[in-house]
Amino acid sequence: YEPGALGISPHRDHRRYQGLVAVIPLSGAARFFLCADRSGAAAREVPAPPGSLVLMRGAGFAGRGDRPFHLVRDISRRRLSLGLRYDAEAA
């Protein structure tokens, strides 16, 4: 994401991504949030500076079917991140 970009609106990763979802910010500056729904309600910031690791539930993690809503906004320096997801449909 480039500085000034809108980022990514509140969403959940697709059901096909199971287990854990890992996001590793590699560079830049942006704010990462978990929220209650697609509108972004009850957003709470999760510190995610470059070099950190953010883990989120994927479908089926610990027998649960829910997946967290999350978003990225307030990009002040070009952000590059690596996302790792297990695609159960590709297996």
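Which residues does S52 touch, not counting residues up to four places away in sequence? In this predicted model, local features need pLDDT of at least 70 and side-chain atom pairs count only at pLDDT 80 or more, while totals for chains, interfaces and linings use all residues. Residues are numbered from 1 along each chain as its sequence is written, and side-chain values use heavy atoms, with hydrogens and water left out.

The residues that S52 touches are V23, I24 and P25, where contact means heavy atoms within 4.5 Å. S52 sits in the loop between strand 3 (44-46) and strand 4 (54-57); strands are DSSP runs (E, at least two residues), numbered from the N terminus. With 17% relative accessibility, S52 counts as buried (under 20% relative accessible area; exposed is over 50% and partly exposed in between, with a 1.4 Å probe and protein chains only). Its side chain reaches the backbone oxygen of P49 at 2.6 Å.

R79 lies in strand 5 (residues 69-87). This arginine is buried yet has no salt bridge (a side-chain nitrogen of Lys or Arg within 4 Å of a carboxyl oxygen of Asp or Glu). The nearest side chain of opposite charge, E45, is 10 Å away; Lys and Arg count as positive and Asp and Glu as negative, with His and the chain ends not counted. Leaving out residues up to four places away in sequence, R79 touches V23 and P25, among others.

Turning to strand 2 (residues 17-35), L20 is found there and counts as partly exposed, at 38% relative accessibility.

Technical notes:
Helix = DSSP H or I, 4+ residues; strand = E, 2+ residues; numbered from the N terminus. Polar contact = N/O pair within 3.5 Å; in protein donor to acceptor, adjacent residues only side chain to side chain.
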